[in-house]
Amino acid sequence: MSNAWSRRGFLTLSAATGVTALVGCGAGEQPEASASPVRGGRLRALFPGGGEKETLDPHVPPLFLDQARHKAIFDKLTELGHDMQPVPRLAESWEPNADATVWRFTLRDASFHDGRKLTPDDVLFSLARIMDPADTTRPAKSLLANLDLANSRAAGANVVELAVKVPTAELPVLLAGTGNAIVPAGYGDPAKAVGTGPFSLVSFERGRSMVARRFDGFWGGPAHLDELHLISAGDETARGNALAAGEAEYAHDMSAVYARTNENNPAVRIVAAEGAVAQSFAMRTNAAPFDNPDARLALRLLADRQRLIDVAFSGRAVLGNDLFGKGFRYFADDLPQRTRDVDQAKSLLARAGLTGATIPLHTSEAAAGMVTAATLLAEQAKEAGLTLEVRPRAKETYFADILNGGPGLWSYRAGSMPVTQDLALRMVSSAKQNITAWNDPAFDAACTTAQSTTDDTARTGLYHDVQAILHDRGGLLVWGHSDWLIATAQRLHGVEAARPNTVDWARFDQVWLA
Amino acid sequence: MRYAAQRAGIGVLQLGVLLVLVFALSEALPGDAAYVRFGEQATLDDIGALRTRLGLDAPAYERFLSWAGGLFTGDLGASLVSGAPVAETLTRALPVTLVLTVVTLLIVVPLAGVIGTVAGLREGSRLDRALSTLTLSLQSIPDFVLAIALITVFALQLRWLPATAIGADATTLLTAPALLVLPVLVLLARTTCLLGRQVRAGVIGALHSEYVAHARRLGLPRHVILLRHVLPNAVVPAVQELARVGDGLLGGVLVVEAVFAIPGVATEVVDAVQARDVPVVQSLVLLLGAAALLINLAADLAAHRLVPRTETRR
Amino acid sequence: MRARAVAPAIMLAVPLLAAVLGPLLAGAVTAADGPPYAPAGGSYPLGTDGLGRDVLGVLLRGGGSTLVVAIGAVAVAYLLGGAAGLIAASARRRAVDEALLRPLDILLAVPSLLLISVVAVWWRAEAWAIGLIVAVLHAPATARLVRAAALDAASGPVAEALALQGEPWWRIQLGYVRRAVLRPVAADVGTRVTAAVYLIASVNFLGLGLDPTSADWAVAIAHNRGALLLQPWSVLAPAAMIVLFTVGLNLLWDTMTDSTAAR
């Protein structure tokens, strides 16, 4: 299956912003990249639908489909590049004051679909709407928890000053998080979606489709397409069938099996963003047996990572080293890759008194490959006399169940997120998604120090040490980082292999049909 | 007439019990609308806050009564997920499913009638046996197996027909009938066979009956016997069978909507159950339950006319 | 048995034997796990599935959860529904009849897959629970069938003649009516088992039933559907088993009941 690596091809296209974030580009392969963009046409893009959940409101917790929708109609101040560092969007540039408590963002000359110009007031209105204490469903609210709106202000026709309550070196990264779109001041009725994005809304039917038209006044230069249809399309097989039968040109979130089936299909092109999703098992460190570091290490030594990758993702993943954020800035790349060692695992299990023990392994179909990987891990653990009792759980409730989680192992996956944010969200003891129930005062203190350190070299060193703690005795078994797969029709060009949550993902202003 | 009114009254009562049942079942599901809302982005704080905002902290009976109370003013409530009125969901999803089922029924009834009559009139002939075997076999192939087979052959290999009806609404289905061909074929297979066999049995039963024998003795022309005596009597059991066909059809719609990615009522029900969107589940079940009850009621009335029980007993 | 019944009987025997004897044979036959969706050939006569398991081995272990559960469910449905139907038909008071039948009608009013899709989320992954739901869903229909047959017999000329001769009511019910009911029941069992298999398979296919790594035939179809063109046997083999069973059973039952009716 390793030949899957040489089989990917995608186009290089200079992005209008100057950010050409190519992830895992298979060097040497450039399939007919020379074709120049053609104007016109209608793109039908298929995404997993969300029924009643789907929304035009860009400040509500988004499905991938909604994120694509909002990216077409709206913009954020910043987005994340391929290395999870901020790149300019509506904010052309930014600079902090000395202690990073006030940030000046210079806005681009951009127009809304109704012809109005973007002003600092729109930015302040949008942030206030996101922070609205009366609304509980604004996901960006927790990212911006330290934003001091009362002391933020317009500082000129195209400059906005944002104040934060504590020094925040990462504000431009936080503003790139999901749910941070800039809406026009006075925006209230989500049905009247007016943004600065490359497409303007024509119609939206929840659970079915959205139609948008090219906005010629787009600040990044008009899109190539005339029309964009974002269509809710049930399961993966239906999306694959529709694409293969020529009923659509773009299908989001496809499986490795689909990619394998269509490797030699001239009508279908697979676009793979490498290592986009961290695949893992979370061990609950607050209860037996995983309150014992020996037990945690034993499990990590038992996993046959390559076999998990080969079966659960047809080989389309890179090895995991028990840490999230591989390939991103601050990732501790030099820690030794953990490999399988059944004998050492056995002796660790014996020392922990777990020889022949039975441990629950919770899993769910909530995400691709999870149940498969859980089943395989259970088989691998048998070799050390350990019984992992696989317990499938309802997919709807699964990710909330983990937070209330009982002892044992839980299948878990995490999308692309900057290392710093990931630590704050999942690893410190007060984290909102502390899936491993990790509680280590020394670790917390090290995280806080790293966050407030402004010198970049020192900061990198501190983040390295923090990750070394997790690698050594943390509760995560990260076995792989799987590709994010998109299938397109052969006649669709300019689709970048970008991870979700990054600027080039689901970016339809840069693609064309030929 | 009194019997009909009585049955209708019972029907309303049944519907009430059904709703309480479904509500109790939805309550028993793990998690609620707030718990499942955030998916991978869930945090316990957000879940708690949303639960309060949606009023899910209120006791179950209060929530049920407030929804049921709205019914009397024609208000089906609002989705817990989108906040949009349930009526909006219905007007979006119902036409699609109606197009599917009505088109299917419009083909099923005459098709099954012809197949059943032809087979019944030639009882025991080679044609009858061939039709019998064919209908029995087709009727036994699960919808989803048939759907996968049809998509693979006609959409993916031959490329004659669309593989899915992704993003379609009722208008697109009607203006681009090619979209309907495979889904309707799947729905037809089972229903036509069920109904056709019932018509055949009815025709045979009528042909062997006393009054047809009598009509033959009187020397009535063959087509008169067929049209005036055989067919009307064969129709009654077929009408009763329609109730079963209706159930099969709704089950089939669930599978067909899933496989062909058609955004209709069944898809909405599955989505709403997964989102724990109780008002939407309740309203859709109310609708489907009412439809099923009406069909059953019609079948009951037909049976009542056939064997008026009050006269035969005692 | 007529010659016409031979082919259906063979069709039926293949999946039945696989379901009953398969689990015993599976251990000896199944090859060790390999790469996922390996094509047929070598040590894998039918290739492997998405988990790298031998499709033949999975096939041999996957029959019980559908066939045995379906047959059990129909038996339970007849126990419940048949009892209710007989009592309802023989009741002298209209109220008893109504009280017994109307509650069951509520279930009849719900599209069965719809109800399962609600209930299954709760009890997912339990074969017995799915069987029980299917039994409960079939009970109203069996009750109606038994009641109608019993009523027909009880209000027919024979029963009336017996009543006029002074036979006690209970003897008419137990003797004549019971026999009259058995025939339509026998005719019904075949189609009902098919319908139960059909329903259970649909539930599992839609992902509402057993967990996705189960060997169940319908689960295997759903799970491997995406690989239909990559490794066709992973889908076709379990699909063939289900179709052989349902078609075989229906055809066989048809010829059997036909021949009894002709006599």
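Predicted model: local features only at pLDDT ≥ 70, side-chain atom pairs only at ≥ 80, totals over all residues.

Start with chain A. Now take domain 2 of chain A and domain 3 of chain A. The contact between them uses 9 residues from domain 2 of chain A and 9 residues from domain 3 of chain A. What classes are on the domain 2 side? There we have 5 nonpolar, 2 polar and 2 charged residues.

Chain B next. Here the assignment gives domain 1 (2–72) and domain 2 (93–306). The centres of these two domains of chain B lie 32 Å apart, again over C-alpha atoms. In the contact, 18 residues of domain 1 of chain B meet 16 residues of domain 2 of chain B. Which elements build the domain 1 side? Helix 1 (2–28) and helix 2 (33–37) of chain B each give two or more residues. Helix 1 of chain B has the largest share, with 12 residues. By class, that domain 1 side divides into 12 nonpolar, 4 polar and 2 charged residues.

Now the interface between the chains. How many residues of chain A are in contact with chain B? The count is 33 residues of chain A, against 41 residues of chain B. On the chain A side, strand 10 (227–232), helix 5 (236–244) and helix 11 (398–403) each supply at least two residues. Helix 5 of chain A gives the most, with 4 residues. The chain A side has 14 nonpolar, 11 polar and 8 charged residues.

On to the strand. Strand 14 of chain A covers residues 358–364. Of its 7 residues, 5 are buried, so strand 14 is largely enclosed by the rest of the structure. What does strand 14 pair with? One partner is strand 15 (residues 387–393) of chain A, parallel, over 7 bridges. Within that pairing, A:Thr358 has A:Thr387 as its bridge partner. Between those two strands, the chain passes through helix 10 (residues 370–382) of chain A, and this β-α-β crossover is right-handed. Strand 14 of chain A also pairs with strand 16 (residues 409–414) of chain A, in the parallel sense, over 2 bridges. There, A:His362 is bridged to A:Trp410.

Last, helix 10 of chain A, the connecting helix in that crossover. A quick geometry check. Its 13 residues, at 1.5 Å a residue, should span 18 Å. The end C-alpha atoms are 19 Å apart, which agrees. Is helix 10 mostly covered or mostly uncovered? Mostly covered: 10 of its 13 residues are buried. A:Met370, A:Val371, A:Thr372, A:Ala373 and A:Ala374 are among the buried residues. Further along, the buried set includes A:Gln380 and A:Ala381. What do the buried residues pack against? Strand 12 (268–283), helix 7 (293–302) and helix 8 (305–312) of chain A, along with strand 14, strand 15 and strand 16 of chain A.

Note on methods:
Residues numbered from 1 in each chain as written. Chains lettered and ligands numbered in written order. Domains from an automatic or database assignment. Contact = placed C-beta atoms within 7 Å. Nonpolar A, V, L, I, M, F, W, Y, C, P; charged D, E, K, R; others polar. Buried ≥ 20, exposed ≤ 12 C-beta atoms within 10 Å, placed from the backbone. Pairing = 2+ DSSP bridges. Right-handed = clockwise from strand over helix to strand, strands pointing away. Expected span 1.5 Å × (residues − 1).
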